[in-house]
Amino acid sequence: MAKKKYYVVWVGRKTGVFESWEECNEQIIRFPDAQYKSFKSKQLAEQAFNSSSNEFIGKNLFETELTPEQLKIIGDPIKESIAVDGAWNTKTGLVEYQGVHTGSGELLFRVGPFEDGTNNIVEFLGIVHALAYGKQKNLKLPIYSDSVNAINWVKDKEVRTKHPRSNNNVKLFELVDRAVKWLNENEYENKILKWETKAWGENPADFGRK
C-alpha cells in the first residue's frame, strides 16, 4: 500500500495543501509556471505552504516518518557532541572513517582509506578515535554512532568481526588491535549514544555516498 503524501501548491489555479495527487494535478496542469511539491507529513506541508517555495522546491529535505509521539520520546540530538561514521566503497573495497562536531559540522578527524575492511570495523575505530580525541582534549562530549554493532563492540572491548585478516588489511587490523588495547587501558566518561537516523536524518559524519 502506497504511503500517503500531501501536496503543496504555491502557484496554481488554487493554492494550498491537497491530500491527493488528483486534486493537486487539477490546480497545476497546463497552468503557466506552476509551483508545487509533495511531502510525507501534513505538518511539514502546512509549514512549507506558509513559507517561500524557494526553500523547498529542488531541495532534498529530510522528512521523518515517525509520529510526533515517537519523536517526543526520542527527543533532539545533543549538539555539543561528536558524531562519527565509517564508509565502505563498494567498487574499490576501501574503507575510512571520520568524526565531526555534531552542532557545527566541523571536521575533527578523518582516517583512511584502508584496503579490505568493513563498515562495522571502521565505525568501531571511529568511536574509539573519538574517545581518545576527547581524552586528549579533556572533552567529555557524548559520541554518536549509527552502528549498533560498533557501539556494542566498544562497550564489550571486543571486535566480533568475521572478516578475515589478510596481507591487504594489515594496517587496518593494526589499528583495530591498538583500539582494543586502548579500551582496556583507559577509562572515559563520554557517553556513547545511538544516532537516531529515522528521527534526525543522516548522521552528520556521513560521507554522503548513499
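In strand E2, the bridge partner of tyrosine 7 is phenylalanine 18. In strand E3, tyrosine 7 has serine 38 as its bridge partner. Strands here are DSSP runs of E with at least two residues, helices are DSSP runs of H or I with at least four, and both are numbered from the N terminus. This is a predicted model, in which local features need pLDDT of at least 70 and side-chain atom pairs count only at pLDDT 80 or more, while totals for chains, interfaces and linings use all residues. Residues are numbered from 1 along each chain as its sequence is written, and side-chain values use heavy atoms, with hydrogens and water left out.

Two strands count as paired if DSSP finds at least two bridges between them. Strands of a sheet pair through backbone hydrogen bonds, either parallel or antiparallel.

Consider each pair in turn. E1 and E2 run antiparallel and are joined by three bridges; they form a hairpin with four residues between them. E1 and E3 also run antiparallel, and five bridges join them. Valine 9 stands opposite tyrosine 36 in E3.

Which residues of helix H2 are buried? In H2 (residues 42-49), they are Leu44, Ala45 and Ala48. They cover an arc of only 105° around the axis, which puts them on the same side of H2. The arc is that of the directions from the helix axis to the C-beta atoms. Buried means under 20% relative accessible area, exposed means over 50%, and partly exposed lies in between (1.4 Å probe, protein chains only). The buried residues of H2 pack against E1 (6-11), E2 (16-18) and E3 (35-39); contact means heavy atoms within 4.5 Å. Five of the six residues of E1 are buried, so E1 is largely enclosed by the rest of the structure.

The protein is divided into domain 1 (6-63) and domain 2 (82-200), with bounds that come from an automatic or database domain assignment. The centres of the two domains, taken over C-alpha atoms, are separated by 41 Å.

Another part of the chain carries an annotation. An unreviewed UniProt entry places the feature "binding site" at Asp85 and Asp206. They span 122 residues in sequence, yet no two of their C-alpha atoms are more than 5.7 Å apart, so they gather at one spot. UniProt positions are given in the numbering used here, feature names are shortened, and annotations may be inferred rather than shown by experiment.

Aspartate 85 lies in strand E4 (residues 82-88) and counts as buried at 2% relative accessibility. Leaving aside neighbours within four places in sequence, its contacts include Glu96, Tyr97, Gln98 and Asp206. Aspartate 206 is found in the segment after helix H7 (197-200). At 17% relative accessibility, aspartate 206 counts as buried. Not counting residues up to four places away in sequence, aspartate 206 touches Asp85 and Gln98.
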